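Have the model open as you read.

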Amino acid sequence: MQKWYDYFLETDSYNWDDKKIPLPRFKLNSLFSLKKYLDLIHIRQCLIKPFLKTDNYPLVEARELLPSFESDLYEYENLPGFSLVALARPLEYFNEIFQFDILHSRWEKIITTHGEACPVPDIISHTNLSTFQSRLPKNLQENFKDKLGGTDIAALSNYPRVLDFILNMDRGHVMSLDTRNEFYLSGVYASFPSYLDPELKRFGLKIKKFTPNDNLRYELNRNFVYQYLMELYGYPVVSERRTSAALFSRRLFNMGERFLIRALGQTDRTITTLYNSGDCKFYPALEKVALARVETKKRDVLKFLRENGYFLDEEKKAVILRVKYKQHQYDPDNIREERALSVLRQELIHPRTGEVCSQLNIIKDTFFMTLKLNDIVKGEFSGRIKYKREIIENTDTHEKRLKFLYAWLSKHQRRIIGYSDEFYAGVTKVLDNYLLNPDLYEEFLSLNSLYQEVWHKYSYIRKARKIRILQDILEKRYEDKKINYQEMLEHTNNVLEELKFETGNYFSDITLRAIATVEKIANDRYLLRNYVNREENSLTQYGKEVREKYFRMNFLLNELKTIRRVKHEPISYN
């Protein structure tokens with residue numbers, strides 16, 4: 001039977017004399033080298049080890065690593081959790097902006113009232129052991145003393161042994177550079193200040209979702225701002241450990257620090273890392289690592305994983321999956337305005353060699369998304385989902401199916417809006433067959449409020465997809481192909497024609513975004529200079545067609561503005 005310490009042994013970057021204590025053959029003197037080392041240790045001891053030791057280990061569904069992230073349904077108290085901050089500089093204990101118990105490196109200089117003094121390694125080790133031991137639960141203190149007494153616990157060469165005890169601590173641990181410019185374990189029992197309220201209000205004011213002293217606007221938009229802000233840093237609205245890690249990384253980044261913050265939740269079973277090595281522009285880099293279950297019907301993908309040894313457990317289809325994300329600055333005109341993140345890269349990590357494969361699409365497999373939707377409407381889906389604040393266990397009644405549908409549409413809204421026409425056609429076919437089924441008329445009538453809620457969400461997505469198409473057209477792309485100005489205006493006019501005749505379900509924000517996007521197209525400088533503001537007799541036949549479609553677009557745009565004004569203005573009975 002495989003042991004957790006049998007993995008990654010073919011990685012050449014480490015000395016494997018002791019399988020449990022890999023010694024890096026590279027210096028731990030940069031955030032990237034530290035991250036590489038921590039990836040190995042944390043994946044082995046915090047993911048693989050509990051996977052092998054836990055019956056029915058809750059593998060992460062690969063889709064759970066797609067934004068937007070869902071709040072947690074379970075807490076697995078028997079699984080490990082931790083938080084960590086590493087600063088790419090020596091510590092200044094008094095001046096640090098967070099609290100922790102300091103540990104000392106045997107290489108640091110000691111400043112006394114009489115000047116510099118040589119450190120005494122035995123005294124430093126004893127002090128570190130005492131500090132660490134005092135923060136452990138009582139039942140572990142003697143075991144810690146027996147196993148690590150006389151050990152330099154600050155040295156990262158001993159970190160794998162110390163980690164077993166760190167995982168039993170409530171608070172975070174700290175790493176920083178010593179006088180040799182190498183990382184060491186420099187603190188435990190750390191509290192990361194989150195300052196949630198001021199950060200939330202500052203961010204809401206910045207993106208103009210809040211205005212000063214406007215209580216109603218704050219109440220209406222607070223949840224959106226909170227969720228968007230948290231997602232920028234890799235989380236839904238979650239527990240204190242991960243919230244504080246996210247907001248502490250935001251604060252460190254704004255201070256210009258070079259740092260790495262990492263947290264593993266007992267609920268999400270995912271190692272989330274935020275780091276800034278100095279080259280990040282707006283936000284720290286973000287990535288997640290988890291043991292995920294591969295859900296695909298693509299035989300070539302399964303064959304590749306099997307033949308190349310990427311399965312951690314082939315029967316359970318378990319793989320080590322790392323996802324890197326790109327953050328987006330808030331854009332009120334984007335129909336997917338809630339999109340704080342998108343997937344930049346997904347990587348499979350080989351459990352033997354540590355090699356990375358980034359050619360496969362594991363988390364965006366739309367086949368299983370559509371299959372799950374089909375199971376929901378048929379009442380054959382047996383999982384759990386969170387509908388607002390209610391946990392729905394299965395889909396054995398139409399009420400539960402409608403609640404499942406609402407939660408599923410909310411979760412995947414941005415993907416339904418943005419994914420391929422083929423995927424969208426599959427989704428609409430399933431939804432239309434269920435929601436418009438005449439045999440279910442009486443059933444839906446008795447659940448009218450819930451039915452209308454689902455239909456409203458579905459209608460919004462259908463309208464929003466048209467605006468997303470407009471926003472693609474603005475970038476001179478249509479169905480993932482480059483288009484010229486004539487095609488751009490022709491597709492814009494087609495969308496505007498459809499919007500004009502689909503005002504039964506009116507969504508003010510969608511109409512506003514459509515108007516804003518078309519106005520940007522109309523104000524294209526090249527278009528105006530070369531086709532609109534030139535004498536007609538100086539234009540080619542192509543130019544005349546572009547000009548004609550441009551004027552048609554303006555006519556349709558004015559019609560849409562009129563529709564919005566009529567819908568928006570109250571009816572006068574005078």
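Which residues in helix 6 meet which residues in helix 7? From helix 6 come Tyr226, Leu229 and Met230, and they meet Thr243, Ala246, Leu247 and Arg250 in helix 7. Contact here means heavy atoms within 4.5 Å. By class, the residues of this contact are five nonpolar, one polar and one charged. In that scheme Ala, Val, Leu, Ile, Met, Phe, Trp, Tyr, Cys and Pro are nonpolar, Asp, Glu, Lys and Arg are charged, and the others, Gly among them, are polar.

A quick word on the ground rules. This is a predicted model, so local features need pLDDT of at least 70 and side-chain atom pairs count only at pLDDT 80 or more, while totals for chains, interfaces and linings use all residues. Residues are numbered from 1 along each chain as its sequence is written, and side-chain values use heavy atoms, with hydrogens and water left out.

Helix 6 spans residues 215–232 and helix 7 spans residues 240–254; their axes come within 9 Å and cross at roughly 75°. Axes are lines fitted to C-alpha atoms, for helices over the stretch in contact, and the angles run from 0 to 180 degrees between N-to-C directions. Helix 6 and helix 7 are therefore roughly perpendicular to each other, a label for angles of 65 to 115 degrees (under 35 is roughly parallel, over 145 roughly antiparallel, the rest oblique). The helices themselves are DSSP runs (H or I, at least four residues), and strands are too (E, at least two), numbered from the N terminus.

Thr243 sits in helix 7. Leaving out residues up to four places away in sequence, Thr243 touches Tyr226, Met230 and Val238. Thr243 counts as buried because its relative accessibility is 3%; buried means under 20% relative accessible area, exposed over 50%, and partly exposed in between (1.4 Å probe, protein chains only).

Helix 6 also packs against helix 5, at an angle of about 100° and with the axes 9 Å apart. Helix 5 and helix 6 are therefore roughly perpendicular to each other. On the helix 5 side the contact includes Leu196, Leu200 and Phe203, and on the helix 6 side it includes Tyr218, Val225 and Tyr226. This contact has nine nonpolar, one polar and four charged residues.

**The cores**

In soluble globular proteins, nonpolar side chains tend to be buried together. Here the largest nonpolar core has 125 residues. Such a core is a set of buried Ala, Val, Leu, Ile, Met, Phe, Trp, Tyr and Cys residues joined through side-chain atoms within 4.5 Å. The residues with the most contacts inside this core are Val85, Phe98, Leu321, Leu348, Leu402, Leu405 and Leu435. Its largest share, 12 residues, comes from helix 14 (residues 448–474). Another core lies apart from it, with 54 residues, among them Phe8, Leu47, Met175 and Leu291.

Phe98 touches, among others, Val85, Leu87, Phe192 and Phe248, with residues up to four places away in sequence not counted. Leu34 is in helix 1 (residues 31–53) and is buried, with a relative accessible area of 0%. Again not counting residues up to four places away, Leu34 touches Leu28, Ala86, Leu156, Met175 and Phe183.

**Loops and cysteines**

Most residues other than glycine have a negative phi. Lys208 has a positive one, near 65°, in the loop between helix 5 (196–206) and helix 6. Lys317 also has a positive phi, about 55°, and lies in the loop between helix 8 (299–307) and strand 13 (318–327).

| Residue | Relative accessibility | Class |
|---|---|---|
| Lys208 | 65% | exposed |
| Lys317 | 30% | partly exposed |
| Asn437 | 25% | partly exposed |
| Cys280 | 21% | partly exposed |
| Cys357 | 4% | buried |

With a disulfide taken as a pair of cysteine sulfur atoms within 2.5 Å, the count is zero.

**The whole chain**

The protein has 18 helices and 19 strands. Its C-alpha atoms fill a box of roughly 90 × 55 × 55 Å along the principal axes. Of the 574 residues, 53% are buried. Among contacts with a separation of 6 or more, 65% are between residues 24 or more positions apart.
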